[in-house]
Amino acid sequence: MPAPRTTLSLLPPLAAIAQQPIPSGRSLSERLATMAQRYAALVSTPPTNLASDQLLAAVNLAATLDLTHPAAQTSLLGLLKLNRDSKLGYIAETLTTAQLYSIIHLAERLMAHHGPGPYSADQLAAASAAA
C-alpha cells in the first residue's frame, strides 16, 4: 500500500485562492475543505424548475462541452438558449449559476459512469439519486 499523500500541488486558479484569507480557516486544508463543502452543496440538487425531459436534454448538451473549461457554465447557458424552439430555451433564462453547475456536475457523473452520451432518463434518475 502506498504511503498517504502529504503534499498537494496548487495550480494557478487554486494558488490564487490560497493567497487570499477567504474562506477563513486555521490552515489551507481547512479552507479547501470549506470550499469543497460549498461546491458539494452547490451541485447536490438538480434544478427544480426543469421538467425531467428538459433536465435530460440539458445534461446531454452539457456532455458535449469541455466541462473542464472555466467558462463551461456560460457555454452551457448559450447552448440552452439556442433551443428557442423548445421550452428549454426559454427556461434557460431563469437558470442560476448554481443550477448550471448542478447540470454540469450531473453530466460529469454520467460521463464517468457511462462514457459519452447521449444518456437515458433512467441513467439520469440514478445519477440524480446518487447526488
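Reader: In what order do the elements of the protein run from the N terminus on?

Author: This is a predicted model. From the N terminus on, its elements run α-α-α-α-α-α-α. The secondary structure comes to 7 helices and 0 strands. Along the principal axes, the C-alpha trace spans about 50 × 35 × 25 Å.

Reader: Why is Asn 60 called buried?

Author: The term buried applies under 20% relative accessible area. Asn 60 has 19% relative accessibility, and therefore it counts as buried. Asn 60 has its place in helix 3. Leaving aside neighbours within four places in sequence, Asn 60 is in contact with Pro 118 and Tyr 119.

Reader: Which residues of helix 3 are buried, and what covers them?

Author: In helix 3, which comprises residues 52-62, the buried residues are Gln 54, Leu 55, Leu 56, Ala 58, Val 59, Asn 60 and Ala 62. Their cover includes helix 4, helix 5, helix 6 and helix 7.

Reader: What makes His 105 count as buried?

Author: The value for His 105 is 18% relative accessibility. The cut-off is under 20%, so His 105 counts as buried. This residue belongs to helix 6. Not counting residues up to four places away in sequence, His 105 touches Tyr 39 and Val 43.

Reader: Why does Pro 23 count as buried?

Author: Pro 23 lies in the loop between helix 1 and helix 2. Its relative accessibility is 5%. Buried means under 20%, and Pro 23 therefore counts as buried. Leaving aside neighbours within four places in sequence, the contacts of Pro 23 are Arg 31, Thr 34, Met 35 and Arg 38. The C-alpha atoms of Pro 23 and Leu 100 are separated by 23 Å. Of the 131 residues of the protein, 27% count as buried.

Reader: How many residues line the largest pocket, and how do they divide into nonpolar, polar and charged?

Author: The lining of the largest pocket has 19 residues, and Pro 13, Tyr 39, Thr 68, Pro 70 and Tyr 101 lie nearest its centre. The lining divides into 14 nonpolar, 4 polar and 1 charged. Helix 1, helix 2, helix 4 and helix 6 each supply at least two residues of the lining. Helix 2 gives the largest share, 4 residues. The volume of this pocket is about 610 Å³.

Reader: What share of the accessible surface belongs to carbon and sulfur atoms?

Author: The accessible surface of the protein comes to about 8,300 Å², and 61% of that surface belongs to carbon and sulfur atoms.

Terms used. Residues numbered from 1 in each chain as written. Predicted model: local features only at pLDDT ≥ 70, side-chain atom pairs only at ≥ 80, totals over all residues. Heavy atoms only, no water. 1 Å grid on protein atoms, 1.4 Å probe; cavity = no way out; pocket = protein on both sides within 12 Å on 5 of 7 lines; lining within 4 Å. Points joined across faces, edges and corners; volume = space filled by probe spheres on them. Nonpolar A, V, L, I, M, F, W, Y, C, P; charged D, E, K, R; others polar. Buried < 20%, exposed > 50% of the residue type's maximum accessible area, 1.4 Å probe, protein only. Contact = heavy atoms within 4.5 Å. Areas by Shrake-Rupley, 256 points an atom, 1.4 Å probe, with all protein chains shown as cover.
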